[in-house]
Amino acid sequence: MNYLSKIMTDQDIWTVLLALGLAAAVSFASTPLVKALSVKVGAVDVPKDARRMHDHPIPRMGGLAIFFGFVAAMLLMVPLDTERKGMLLGAVIIVVLGIFDDIYALPAKPKFLVQIIAALIAVLAGNRIEVLSNPNIFSPNPYWELGVLSVPFTVIWIVAITNAVNLIDGLDGLACGVSTISAATMLVIALLVSERDVAVIMAALAGACMGFLPYNFNPAKIFMGDTGATFLGFIMATMSVEGMFKQYTIISFVVPFLMLGLPIFDVCFAVVRRVSHGQSPMKPDRGHVHHRLIDMGFSQKQAVGVLYVISAILGLSAVVLTAGGAEKAMIFLLAMAAAALIAWRVFLTGPGHDKPEEEPPAPPEGSEPPAREEKGGDEDG
């Protein structure tokens with residue numbers, strides 16, 4: 001706490017809280033308007049395959065409200081230098097692309113090309129990974145200078161995270177909630193390393209997500225669609241470059257992967273799964289982490305809760321790593337993993353869960369079989 005008190009002034013705290021509250025208020029207030037607009041322009045998600053978890057049409061351009069909340073707070077609370085202008089211009093391109101995709105369901109390759117252009121604009125404005133810490137702690141070189149490779153390396157990072165967040169957007173409130181946790185993690189870490197403007201920007205992003213979540217929780221009234229998912233991924237990827245990768249320590253290598261651990265794991269697993277089956281890495285399927293949890297018997301709310309907990313554990317590990325060092329972070333991560341395993345054993349595979357259902361005793365020979373119990377609903381006979 002002493003360390004935090006040295007770097008978190010009262011003014012910084014109030015600025016962060018104001019950005020968070022303003023973004024949340026704008027996002028919450030504009031979501032009903034965006035919902036009406038989505039219906040009017042035809043940005044509606046109609047369930048047509050097994051990947052969809054809903055059973056009726058739902059508007060899907062809600063990310064526009066998140067964008068409004070974020071931009072309102074950022075323009076009022078953060079000075080715009082060249083890097084921030086580049087990030088905002090790239091974000092606008094991503095949002096416009098998302099709007100068209102939510103209305104017309106664009107092909108994957110053109111979307112990918114536009115995402116690269118948006119990332120390149122942000123990178124050329126100065127948002128780039130120029131130095132990368134060396135994960136080999138035994139090497140005499142503590143970090144690598146990327147030189148000319150900094151541009152393609154950063155573009156790949158931004159595009160990958162942009163799509164990773166979009167891939168986990170498969171259950172009500174999942175991508176928005178996970179993004180809120182990741183943004184809050186980045187906010188705390190930015191305060192720890194005295195990156196005030198990064199903290200304010202991440203507070204605006206977290207607040208915009210929080211304002212939208214009441215409409216997006218199960219049962220969702222509106223989806224954020226590609227407009228929101230790709231926007232959130234783009235902003236978090238770009239800000240992780242500014243706030244994390246520019247530190248010359250091993251922390252700068254590990255922390256971004258912990259903060260964004262769930263979407264990174266899911267996209268890597270998806271690529272490996274699809275390529276191993278001879279499919280395109282861009283081909284949609286029903287093998288994501290959230291789909292597997294549903295297939296295991298979890299409800300939508302339970303599956304989202306499990307993934308929230310995993311994201312929070314990874315985020316807290318990133319905070320502990322930044323504030324307390326690698327040893328404490330490893331101990332914390334192992335302790336949380338052990339607690340999760342015990343909870344899994346107790347609540348999901350404990351007594352009664354794996355016990356086979358007993359067959360009813362056979363009726364005496366010659367007697368009438370018991371009448372079948374009537375059930376409500378439309379269950380098949």
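Rings of Phe, Tyr and Trp (its six-membered ring) pair if their centres lie within 6.5 Å; planes under 30 degrees apart count as stacked, over 60 as edge-to-face and the rest as tilted. The model is predicted, with local features requiring pLDDT of at least 70 and side-chain atom pairs pLDDT 80 or more, whereas totals for chains, interfaces and linings use all residues. Residues are numbered from 1 along each chain as its sequence is written, and side-chain values use heavy atoms, without hydrogens and water.

**Exercise 1.** Identify the aromatic cluster that contains Phe-70, and classify the pairing of Phe-70 with Phe-231.

*Solution.* Phe-67, Phe-68, Phe-70 and Phe-231 make up one aromatic cluster. The structure has five aromatic pairs. In one of them, Phe-70 and Phe-231 are 5.5 Å apart centre to centre with 70 degrees between the planes, an edge-to-face arrangement. This pair joins distant parts of the chain, 161 residues apart: Phe-70 belongs to helix α3 (residues 63-77) and Phe-231 to helix α9 (residues 225-243). Helices are DSSP runs (H or I, at least four residues), numbered from the N terminus. Both Phe-70 and Phe-231 are buried, where buried means under 20% relative accessible area, exposed over 50%, and partly exposed in between (1.4 Å probe, protein chains only).

**Exercise 2.** Classify the pair formed by Phe-100 and Tyr-104, and state how accessible each residue is.

*Solution.* The ring centres of Phe-100 and Tyr-104 lie 6.1 Å apart with planes at 25 degrees, so the pair is stacked. Both residues lie in helix α4, four residues apart, about one turn of the helix. Phe-100 is partly exposed because its relative accessibility is 44%; Tyr-104, at 55% relative accessible area, is exposed.

Terms used:
Helices (H or I, at least four residues) and strands (E, at least two) are DSSP runs, numbered from the N terminus.
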